[in-house]
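I'm going to look a few things up and jot down what I find.

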Amino acid sequence: MSVFKHPGAFVRKLAVGASMAAATMLPLSQAAADTIKIGYMLPYSGTFAQLGEMITDGFNLALKENGGKIGDYDVEIVTLDDESNAGRATRNMQQLVSGENVDVVVGTVHSGVAMAMVRVARQQGTILIIPNAGLDAATRQLCGPNIFRTSFSNWQPGYAMGHAAYERGYRNVVTMAWRYGAGQESVAGFKEAFEELGGTVTREFYVPFPEVEFQAQLTEIASMQPDAVYVFFAGGGAVQFVRDYAAAGLKDRVPLIGAGFITEGTLQAQGEAAEGVLSALHYSEALDTEENQAFRQAFHDEYGKYPDIYAVQGYDAAKLLIEGVNQAGTKSRDDLIHAMRNVELSSPRGPITMSRSHNPIQNMYLREVQNGENVVIGTAYEMLEDPGTGCAMRDVN
Ligand code: PHB
């Protein structure tokens, strides 16, 4: 177990795997009354490792800008690498909630892992802030007062892109994604908007997560000649897919469109192959706002690299907590939840408010890769709100 410090906050890494007898374990430590103890449950290895790092960096930057404190509380952080492994997710979450007794869990990236985290959070009542995973159910049928999200629902970028695709004149589209919650829900969101306007999804291809072997499907797509191909891939998988799409000779024949993760944090590695890719997302590095410019500069000053949407979502997760504690004046759970429900942020992505099911209401931008940048070419959908279907607390103010 390694112990290290960053300004104002105490950080400890959990030795994952070594302490897996979580259910019978005594609490390792109790969060002191003057401390907010936060558990980061994020991927620090595997195909989403870079996403986990970016979220962590974003969260830590907001803490640092706040003097390393949250309200009058000191901050203690424990980190756990979830490896985007859904099979271990329940035990990992229990380790943070029951073993470490954290006040708040921040995580994760992968929808399958998030599903287990949401279930534990619903049972135990611990506050969970999701800084990426789009799992629709987290803010629909599995919503809960203690469950918040600062990212998106998988439906949101998909639905926005469905609209934009139809407006661009595409009528027959083929989709391709990883076969797991996020891929399937992203495609479902796309299809809902695209087909309600009159378009047709002619074929849905899936590959197992986190596989990056796309050749067979690309060959079939080449023979089909759709108007466009809509995809959901992210991280290392997005890099590989965009390269393979170009290498298969499809780039200049069939437009590649997607949920914005396809070109997020990946452009350098994708190079020329990404030029012209069209996507919908709640962020673009090119957003010309004071908040975005200040954030990008501060992030670069701190880490020597530029942020992406994952960093923004991590930053906003910390902001949500900081604002909540400031407004409640306490970390006491029910007061804090009430305050967090009503937080509004001037995020680097633009304004966000929490829907009644605790998912951000936010702009979805239409972006096109031009000269290695996701340039904003329009708004795919203004202040899009996830329908929150099946969330009982939607009607509570
Ligand atoms: C997810 O699993 O929900 C997920 C993962 C990576 C992304 C977006 C969504 O970039």
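**Ground rules.** This is a predicted model, so I keep in mind that local features need pLDDT of at least 70 and side-chain atom pairs count only at pLDDT 80 or more, while totals for chains, interfaces and linings use all residues. Residues are numbered from 1 along each chain as its sequence is written, and side-chain values use heavy atoms, with hydrogens and water left out.

**Entry 1: the ligand.** I looked up what surrounds the ligand and got 16 residues, the closest being Val109, Ser111, Gly134, Tyr180 and Tyr310. The side chain of Ser111 has an N or O atom 2.7 Å from one, a polar backbone atom of Gly134 is 2.9 Å from one, and for Val109 a backbone N or O atom lies 3.4 Å away from one. The protein covers 100% of the 280 Å² of accessible area that the ligand has on its own (Shrake-Rupley method, 1.4 Å probe).

Where does the ligand sit? I found it in the largest cavity. A cavity is a set of points on a 1 Å grid over the protein atoms alone where a 1.4 Å probe fits but cannot get out; "sits in" means more than half of the molecule's atoms lie within 2 Å of its grid points.

Entry 2: I moved on to strands E13 (residues 344-347) and E14 (residues 350-354). Strands are DSSP runs of at least two residues, helices of at least four, numbered from the N terminus. E13 and E14 pair in the antiparallel sense over 4 bridges (pairing takes at least two DSSP bridges), and they form a hairpin with 2 residues between them. Ser347 stands opposite Gly350 in E14. On E13, I noted Leu345 and Ser347 on the covered face, with Glu344 and Ser346 on the uncovered one. In a regular strand the side chains alternate between the two faces of the sheet.

**Entry 3: two residues.** Is Asp308 buried or exposed? I have it as buried, because its relative accessible area is 5% (buried is under 20%, exposed over 50%, partly exposed in between, with a 1.4 Å probe and protein chains only). Asp308 is in the loop between helix H9 (290-303) and helix H10 (309-328). Asp308 and Met54 are 254 residues apart in sequence but 7.5 Å apart in space, C-alpha to C-alpha.

Gln270, in helix H8 (residues 267-270), also counts as buried, at 4% relative accessibility.

Technical notes: Near = heavy atom within 4 Å. Polar contact = N/O pair within 3.5 Å; in protein donor to acceptor, adjacent residues only side chain to side chain. 1 Å grid on protein atoms, 1.4 Å probe; cavity = no way out; pocket = protein on both sides within 12 Å on 5 of 7 lines; lining within 4 Å.
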